[in-house]
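My entries are below, in the order in which I made them.

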Amino acid sequence: MILLPVLLPAAAAVIAFIIRAHLPRRILLVAVAGTHAALVGWLWLEPSRFPPLGAWMALDSLGALFLGITSLLFLVVSVYAVGFLRRESGSTSADPEEGFLFDNTPEALFTACLLGFLSTMTLVTVSRHFGLLWVAIEATTLVSAPLIHYHRHHRSLEATWKYILLCSVGIAVALLGTYFIAAAVPRGSGGITSLTFDRLIERASQLDVRWLKAGFLLLLVGYGTKMGLAPLHAWLPDAHSEAPPLVSALLSGALLNCAFLAILRILSVCAAAGLGPFGRQILLVFGLVSMAVAAGLIIGQGDYKRMLAYSSVEHMGILAVGIGLGGTGDWGALFHAVNHSLTKAALFLLAGNILAAYGTKKSADVEGALRRIPVTGALWIAGFFAILGAPPFGAFSSELAILRAAVSSGSWVVVVLYSLLLAAVFAGMIGVLVRMAQGGKPSAARAAGGLAADLPAATARRREPVLAVAAPTVLLALTGGLGIFVPGFLNRAIAQAAMLLGIS
Amino acid sequence: MLLLLLPLVAMLLVGLVTASLASAPRAARAVGAIGTCAASAGGLGVTIAALVLGDSSSLSLPWNAAIGASFAVAFDPLTGFFLLPIYGLSAVCAVFGAGYLSHAHHGRGVAAHWLFYSLLVSSMALVVLARNAVLFLVAWEIMSISSWQLVTFEHEREETRQAGITYLVATQIGTAFLLVMFLLLGAGGSAGAAGSLDFANLGASGPAASAAFLLALVGFGTKAGIVPLHIWLPEAHPAAPSHVSALMSGVMIKTGIYGIVRVLSFIGTPPLWWGWTLVSIGAVSGVMGVLFALSQHDIKRLLAYHSVENIGIICLGLGVGLLGMSFGSTTVAFLGFAGALLHVLNHALFKGLLFMGAGAASHAAGTREIDRLGGLLRRMPLTGAAFLVGAAAISGLPPLNGFISELLIFLGAYNAAAAGPAAQAAAAGIVVAALALIGGLAVACFTKAFGISFLGEPRTPAAAAAVEAGPSMTVPVIILAAACAAIGLLGSVAVFLLAPLAGAVARVGPADAAVIMAGTSPGLVKVTIGAGALAALVAGLAILRAVLLSRSSVRSAGTWDCGYTHPDARMQYTSSSFAQPLTGMFHFPLATHRRWTPISALFPVKAEFSSHTPDLFAQGLFRPAFAGIGALLSRLRWLQHGRLQLYVLYVAATLLVLLIWKLG
Amino acid sequence: MTLWIESFLVLLMITSLWLLGSSRLLSCIAAVSVQGVLLAALPLLLGIDAPPWRLFLQAGVSLGLKGIAFPLLLLRAVRSVDARREMEPLVGYSLSLLIGVALLAGSLAAGVRMPLPAAGTPVLLVPAAMFTALTGLFVIVGRRSAIVQAMGYLAMENGIAAFGLAIAEQEPLLVEMGTLLDAFVAVFVMGITIFHINREFDHIDADRLSTLKDSP
Amino acid sequence: MEQPVLAVLQFCVALVLAPLVPGIVNRVKAVFAGRRGAPLLQTWYDIAKLLGKAAVYSRTTGWVFRAGPVVGLAGVIVALGVLPWAGSGALLSFDGDLILLAGLLGVMRFVTIIAALDTGSAFEGMGASREAWFSSLGEPALLLGLAAIARTRGSISLAGILGVTSFAPGSAGGAVILLVIGALFVVFLAENARIPVDDPNTHLELTMIHEVMVLDHGGVDFAYIQYGATLKLWVLGGLIMSLLVPRTGQWYLDIAAAIGGLAVVAIATGVVESIMARLRLVRVPQLLVAALAMSALGLALALMNNPPTAALNPPSAALNPPSVAR
């Protein structure tokens with residue numbers, strides 16, 4: 001039963017690859033996304049209906065939380081995808097920056113990979129065994145690579161190559177880390193289930209500390225590469241800026257969370273073995289470094305999609321800081337994961353709309369979005385404030401919770417750095433936002449550029465496809481709602497999940 | 001309590017309705033202006049009622065326990081006192097805005113404007129009503145963002161966008177300090193580190209209290225605009241539509257003062273240096289503010305700097321109050337706080353009046369440059385007369401309201417100087433000197449602002465062609481002028497009404513308060529008598545003059561120009577030349593740039609002179625600091641050089657470092 | 001028996017050094033494939049108590065994939081772009097060898113510092129595995145061509161697999177999954193991408209794949 | 001006699017006698033110059049004459065110009081009502097009345113300046129600018145000096161400050177008094193446009209401050225201005241004088257002594273005007289800043305040699321009830 005959310009999209013992927021006609025395939029995509037979401041909803045309501053599959057698969061609150069995010073996000077994105085594919089697929093389009101012609105990955109393969117992506121990410125959330133977890137995460141890399149290479153041209157290919165190689169190296173390191181964990185398990189207590197979370201936690205006291213520590217470090221670095229913690233984040237901006245908007249949304253909103261989940265799994269084992277402070281300290285350092293690097297690359301960033309990508313790095317850093325601090329920080333980090341996924345996905349989708357309207361990724365060449373694409377422009381402003389942690393959006397509460405953890409733990413260095421870096425990012429991003437959203441004059445670059453011909457004058461209002469604005473609207477509305485009111489079941493789930501991370 | 005929240009809800013509904021009317025600009029204009037005005041008026045009524053009935057109701061709904069948030073609101077005299085100007089001024093400004101925006105072209109902009117206007121007003125009200133740190137911060141942020149939207153109403157203009165950025169960044173950094181401060185107070189409070197952040201639980205003592213005080217000073221000071229954190233004011237206020245500038249300068253920056261006063265109530269008796277700090281901040285802000293104002297020739301920029309000056313005066317009052325508290329001399333504390341609070345109200349009145357008057361004038365003459373105006377009084381008699389009242393009031397002259405509040409602060413300072421311990425008296429001496437200097441310079445500045453732009457002959461055809469604005473733009477200023485005069489003439493009544501609140505803030509028992517009032521009110525009554533006498537004398541002398549003139553012939557001629565044959569409007573003294581002696585004297589902080597073409601030939605054909613006074617702190621302090629931090633952080637860009645091998649090397653190196661660090 | 005094991009492990013290390021030192025692509029490929037063969041033989045020698053069919057299956061799989069399939073694929077790629085000539089590496093070959101020696105020393109030290117809790121595993125296993133993995137990592141960092149980087153990745157993966165043998169007894173399934181999946185990644189994904197790279201650019205010089213960057 | 005009656009009495013006496021002060025000043029200057037000089041009542045004659053004269057108004061001016069003299073005169077008359085120059089309390093005496101006094105003088109200044117600006121004349125604009133310049137420096141000197149006195153005499157009402165029964169320069173606070181008197185005398189000269197700050201009877205517009213502001217006024221308005229000027233002279237002079245002249249408690253003696261003291265001040269002014277030349281304009285602010293410094297020094301001294309009197313009166317309601325009663 002618990003296999004259902006994993007197998008359903010996998011099967012659908014195969015079908016989607018076979019189907020010839022576009023329309024049924026698109027219907028299938030949305031339908032599967034909807035069913036998956038419904039399944040997950042049911043799973044939230046009555047977990048008892050989904051008995052664990054041996055020691056390998058089960059859904060605890062931590063997994064349920066991330067599964068919920070992923071499924072919801074995928075549903076919204078699939079709706080957006082319909083509109084996107086109707087515009088893009090099969091067409092041979094000219095590259096806005098260099099002008100050469102390129103065509104896109106066949107829609108069948110693309111859809112199949114999308115569904116496979118969902119399936120593998122679901123597997124990540126339900127697996128209870130470090131081996132299975134590793135397999136699942138490896139699988140996400142495999143299916144997401146073609147997604148990034150949707151536009152078949154040299155930049156996206158380069159991005160894909162970097163993504164594959166870096167993540168594979170990371171994954172290899174993670175595999176070694178998994179072996180180390182296995183090595184930490186005392187002999188004789190063998191059997192294939194000895195690497196399940198539950199067995200490890202209950203026998204945490206007998207684990208060999210040195211190997212456990214080494215394993216933790218390797219897993220942290222390996223999965224951290226996937227999660228995008230600086231300085232392991234290098235693939236992230238390239239992949240996000242070259243991938244199509246909905247893929248960037250899924251990468252930022254769902255994939256990074258999966259890697260984060262894997263790190264939380266090993267952390268909980270360490271905590272059980274009394275290594276909690278050890279792990280949290282490293283995470284804290286990683287978090288601050290990530291925030292700093294992201295801030296440095298956001299300031300003066302000329303490409304708005306890359307800026308969003310670095311903002312993802314920053315927010316992964318915030319998550320790490322929250323976990324590193326513990327206490328209220330755990331709650332804050334988990335809640336922040338939710339908010340960041342919703343907001344960042346919405347922003348990437350909006351970035352897709354802006355790219356479609358202006359045909360450039362340089363923020364300097366985008367002006368007066370409020371006038372030209374009013375809905376997207378307004379949502380763009382709202383999304384920026386949401387991602388920058390302004391109320392009434394959810395990120396405000398989660399970042400506040402993390403800051404509170406820092407203050408009450410009396411670690412003033414963290415307080416200062418955290419606030420300073422958040423302020424720096426704000427100052428860096430707000431200028432870009434204002435320049436892009438406000439103003440009204442057609443920018444010189446657009447007027448002069450060859451593409452200005454087939455686009456209306458930059459001030460003229462432009463039609464916005466319904467699906468293209470509906471999806472981000474829903475996401476922003478959700479995170480806005482979370483800022484105003486956190487529903488009880490979500491609050492409970494987050495609280496239980498924070499409990500799993502263990503006190504210490 | 002629900003009744004008190006009703007205006008907020010109504011306001012938000014109006015905003016949403018207006019926003020939904022985006023496609024019908026005319027309807028949006030009407031609904032927005034009338035709706036917001038009505039809602040604010042209703043709020044004003046409710047607030048007055050609550051104050052009269054001594055309402056102290058409160059309401060607390062569970063919200064988000066995990067971060068200590070709860071929807072806790074309550075009403076007390078302090079809240080009520082700040083609600084008065086918020087609702088009152090926003091009602092008046094809405095009326096003015098209806099007229100001011102009648103020329104705005106794009107309908108969507110107008111609808112959005114009224115949406116954010118209603119958001120701003122309701123969030124300000126929520127700020128003073130909130131009794132939970134998180135709720136307060138949320139309201140605070142919404143206030144900042146909506147006011148940013150209002151400031152950038154005309155965002156086609158580059159400088160407007162820049163002003164918006166400056167404002168947003170400044171206010172956001174200020175908020176960061178507030179976050180830390182509230183969390184600090186929460187950690188030191190009764191509920192402990194993980195408890196709720198209701199105001200009732202906040203507290204701190206010892207160094208934590210001092211840290212919280214300083215954080216509050218920076219955080220709230222940024223909003224209030226104390227030097228050197230004021231840099232956003234002179235940018236944002238000129239950029240905004242006039243009624244928005246009026247609202248922001250009149251009441252929004254006062255929420256910073258509210259915050260300081262409120263936070264002072266969380267933490268115990270202040271040590272001496274807090275009072276000294278506020279006094280020095282007040283003195284510096286006041287003098288710097290008025291000096292920079294003196295050197296401006298954009299009238300709205302000038303007014304913006306005067307907001308800095310008046311915040312300085314308020315800080316002087318608060319400082320006197322703190323000094324009194326730390327020395328246990330209740331009179332001083334009482335008078336200081338009373339003066340500061342009353343000045344909050346007064347400044348809301350006359351600064352709102354001045355901004356709207358200046359807006360009407362520059363609207364009519366098509367420029368904000370004082371040197372291009374002139375002779376507007378006879379063209380716009382009502383606006384001009386109202387502006388004159390405001391100018392006299394902000395200069396702290398009797399019989400207007402500015403004098404009353406400054407009188408109270410002076411009284412507190414003189415009391416301290418005459419009878420307090422030396423440490424207190426010395427600070428009081430600074431207060432006296434600063435207030436007097438500020439007053440004198442303010443007179444110079446506003447005689448300039450009014451005299452150059454409203455008197456004499458028009459300097460440009462545009463100014464000559466100016467005509468009086470419509471009733472929707474004259475009625476508001478007249479109302480405010482009347483309010484200024486009323487508080488000035490009935491100062492004793494105002495202070496009597498204010499006494500309980502001032503006593504509470506100064507932590508003076510009702511008995512002591514009664515004694516203090518018994519000592520203070522006779523003087524205020526005498527002031528009222530003096531004001532009446534002044535009015536009577538003016539009337540009498542005017543009649544006498546009329547009688548005498550009726551008996552002799554009255555002719556009119558040109559102004560006496562010492563025999564010059566061709567007088568010309570451009571020969572009049574300009575604002576820059578009027579202020580030049582003072583700006584020259586204070587050249588050190590002002591650093592006015594002057595550019596002119598020296599007169600060489602015997603019969604020079606043409607010569608030019610222009611002067612510009614940049615903001616010392618923006619230029620000398622913040623710009624370099626931000627540039628430095630930016631440069632430092634963007635050093636990290638080389639990390640992203642695009643070479644895959646080195647990216648892999650990062651991974652390897654990180655792994656190695658961690659292994660050596662943790663296992664080596 | 002232990003003699004055999006020791007010698008095989010030593011051979012493994014030597015192939016790594018070979019990979020480091022050889023400048024010609026074909027010999028690199030040869031080194032990697034020899035590594036694959038050795039790795040395939042090790043589980044049979046180690047005397048793990050598991051059903052023999054399993055051991056043979058594992059050996060067969062890794063022999064097939066790492067010893068034969070991937071080297072062939074690499075050969076095809078090399079021929080298709082005719083990249084047989086010398087590659088100009090970032091780090092010179094002699095220096096690479098020196099670094100290799102340093103890595104060897106390091107991994108030996110690490111092996112001594114961190115003995116496996118499970119008794120009875122050959123002393124050289126951990127150092128050999130680590131050394132092979134580190135060499136692979138170093139090759140990825142130090143070489144320009146995407147093909148060689150892929151080989152580096154394979155070598156790294158070989159090292160990890162070798163380490164896996166140490167725990168194959170208690171986690172056979174895990175080890176097999178790991179070996180399989182890693183090989184799969186190496187063979188298919190990287191192979192396909194390299195194929196695309198060949199088609200897109202007429203070179204496989206990963207160093208020139210650096211248009212996406214932020215540093216001025 | 002009853003205190004209120006006294007207040008009214010001294011108020012009226014001042015109204016009547018004020019124009020004598022410039023008369024005395026001019027007479028002293030005439031004596032120094034070796035002339036006979038105008039009669040003491042000359043100011044009266046001038047004002048009476050002006051009241052009957054016809055008026056000429058500039059076309060540029062509006063109601064502000066016409067209101068200026070009226071409000072100015074009214075303001076200074078009320079100020080006179082605040083000043084207890086003859087010892088006993090004035091019509092409007094209360095704690096802090098000195099602030100009201102300063103405020104009323106400020107009103108006078110404000111309206112004079114804007115009336116001058118209403119004419120649009122470059123000269124009057126210049127005069128207005130200088131007036132604003134100097135007075136903005138004079139005000140702190142005045143108020144800070146009064147603060148110093150308030151410290152020495154433990155009161156913040158003019159009646160309490162000025163109404164002391166005995167004063168010996170050697171006594172504690174004597175130095176303070178002398179310093180403040182120096183400061184106030186500078187303010188007095190500046191505010192009343194006397195040499196060395198300004199020259200009341202030059203007719204070179206460029207060198208004048210006060211006179212140039214009223215170039216366009218004539219007839220009744222000028223009469224108001226003249227009379228207002230004499231009253232202002234009386235008010236500030238009376239302030240200085242009352243710091244020196246001891247009070248006997250006998251009302252007629254006090255009034256007589258006060259009038260005598262004012263005469264002395266007038267003579268001193270005349271002497272200064274005769275023996276000094278007008279300062280260069282740039283030096284004037286330095287003079288005023290020096291006055292401010294004297295006041296500050298006075299306050300510092302007062303702080304040093306006066307122990308806090310807070311002990312005397314309970315923290316609650318310090319200095320209440322009004323110290324006039326003392």
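**Conventions**

I am reading a predicted model, in which local features need pLDDT of at least 70, side-chain atom pairs count only at pLDDT 80 or more, and totals for chains, interfaces and linings use all residues. Residues are numbered from 1 along each chain as its sequence is written, while chains are lettered from A and ligands numbered from 1 in the order in which they are written.

**Which chains touch**

I took two residues as in contact if their C-beta atoms, placed from the backbone, lie within 7 Å. Which of the four pairs of chains in contact shares the most contacts? I found that it is chains B and D. Chain A and chain D have no contact, and their closest C-alpha atoms are 40 Å apart. Chain C does not touch chain D either; there the nearest C-alpha atoms lie 55 Å apart.

**Chain D against chain B**

I looked up this interface next. Here 82 residues of chain D contact 79 residues of chain B. Elements that each supply at least two residues on the chain D side include α3 (42–52), β1 (55–58), α4 and α5 (97–118). I use DSSP runs for elements: helices are H or I with at least four residues, strands are E with at least two, and both are numbered from the N terminus. α6(D) gives the most to this side, with 19 residues. By class, the chain D side has 49 nonpolar, 23 polar and ten charged residues. In this scheme Ala, Val, Leu, Ile, Met, Phe, Trp, Tyr, Cys and Pro are nonpolar, Asp, Glu, Lys and Arg are charged, and the others, Gly among them, are polar.

A strand pair also spans the two chains. Strand β3 (residues 554–557) of chain B runs parallel to β1(D), joined by four bridges. Pairing requires that DSSP finds at least two bridges between the strands. I noted B:Ser556 opposite D:Tyr57 in β1(D).

**α21(B) on α4(D)**

At what angle do these helices pack? Helix α21 (residues 510–551) of chain B and helix α4 (residues 63–82) of chain D pack at about 135 degrees, with axes 8 Å apart. That makes α21(B) oblique to α4(D). My axes are lines fitted to C-alpha atoms, for helices over the stretch in contact, and angles run from 0 to 180 degrees between N-to-C directions. Angles under 35 degrees count as roughly parallel, over 145 as roughly antiparallel, 65 to 115 as roughly perpendicular, and the rest as oblique. The crossing of α21(B) with α4(D) is right-handed. A crossing is right-handed if the near helix is turned clockwise from the far one by less than a right angle, and left-handed if anticlockwise.

Among the contact residues of α21(B) are B:Gly530, B:Leu534 and B:Leu541. On α4(D) they include D:Val70, D:Ala74 and D:Gly81. The contact divides into twelve nonpolar, three polar and one charged residues.

**α2(B) on α3(B)**

I then checked a crossing within chain B. The axes of helix α2 (residues 25–52) and helix α3 (residues 77–100) come within 8 Å and cross at roughly 155 degrees. α2(B) and α3(B) are therefore roughly antiparallel. Their crossing is left-handed. By class, this contact has 14 nonpolar, eight polar and one charged residues.

**Chain B against chain A**

I counted 47 residues of chain B in contact with 52 residues of chain A. α6(B) gives the most to the chain B side, with 13 residues. That side divides into 31 nonpolar, nine polar and seven charged residues.

**Single elements**

B:Gln162 is in helix α6 (residues 158–188) of chain B. It counts as partly exposed, with 15 C-beta neighbours inside 10 Å. A residue is buried if 20 or more other C-beta atoms lie within 10 Å of its own, exposed if 12 or fewer, and partly exposed in between, with C-beta atoms placed from the backbone. B:Gln162 lies 32 Å from B:Arg262, C-alpha to C-alpha, and 100 residues away in sequence.

Helix α9 (residues 242–252) of chain B has eleven of its eleven residues buried. Among them are B:His243 and B:Met248.

**Chain C**

Buried residues make up 49% of its 216 residues. Of its contacts with a separation of 6 or more, 75% join residues 24 or more positions apart.
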